[in-house]
Amino acid sequence: MTTSPAPDAAFELAQVNLARLKAPLDSPQLKDFVDGLDPVNADADAADGFVWRLEGDAGDATDISVFGDEWLIINMSVWRDANALTAYMYQGRHREMLARRREWFERVQEAMTALWWVPAGHRPTVAEAESRLLHLRTNGPTPYAFTLRTSFPPQGAEPEFGEVPDGLGCSL
């Protein structure tokens, strides 16, 4: 189910979340995670404020490449606002899976989650998400790419250009 933005909503909140797998998706170690994907995605689709989510051929995004790294998986969605996103994130099945994330995913030092405002109706690409994450890793939270902890109001933010420091990939 896709919820339309309010008629006066000029912006919606995009989010990307990457995770580095501890094992292959078809391994016994990740069985509970994989089995939970469809129900958790259905909950998101029905959540108040949900607008859109990235989907691959299987109906989730586990088959979509990010940063050219086969051990990374991506979750990307668009929400009405941060309140709608956080209300979904910290309840029900998603909260249960979030509590178990260390069983399935490696700890990484780099930022793996970024938020940014998009014009209502825009659907971000994986390349756009990669760019936002790299910007966040390089510059910290800005209106161009930020976190739930350090957020910004909707506006037409531009990236800050400069050298990207070494080590901002997704290595352990």
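Two rings of Phe, Tyr or Trp are treated as an aromatic pair if their centres lie within 6.5 Å, the six-membered ring being used for Trp. By this criterion, the predicted model holds 6 aromatic pairs. One of these joins W79 and Y88, whose rings are stacked, with 5.4 Å from centre to centre and 25° between the planes. The pair counts as stacked because planes under 30 degrees apart fall in that class. W79 is buried, with a relative accessible area of 1%, and Y88 is likewise buried, at 9%.

Planes over 60 degrees apart are assigned to the edge-to-face class. W104 and F105 are both buried. Together with F33, these two residues make up one aromatic cluster.

An aromatic ring is also involved in a contact with a charged group. The charged end of R132 is positioned over the ring of Y144, at 3.8 Å from the ring centre.

N83 lies in helix α2, which spans residues 82-89. The relative accessible area of N83 is 60%, and this residue is therefore classed as exposed, since the class requires a value over 50%. Between N83 and D48, which are 35 residues apart along the chain, the C-alpha atoms are separated by 9.9 Å.

Conventions: Residues numbered from 1 in each chain as written. Predicted model: local features only at pLDDT ≥ 70, side-chain atom pairs only at ≥ 80, totals over all residues. Heavy atoms only, no water. Buried < 20%, exposed > 50% of the residue type's maximum accessible area, 1.4 Å probe, protein only. Lys NZ or Arg CZ within 6 Å of the ring centre and 35° of its normal. Helix = DSSP H or I, 4+ residues; strand = E, 2+ residues; numbered from the N terminus.
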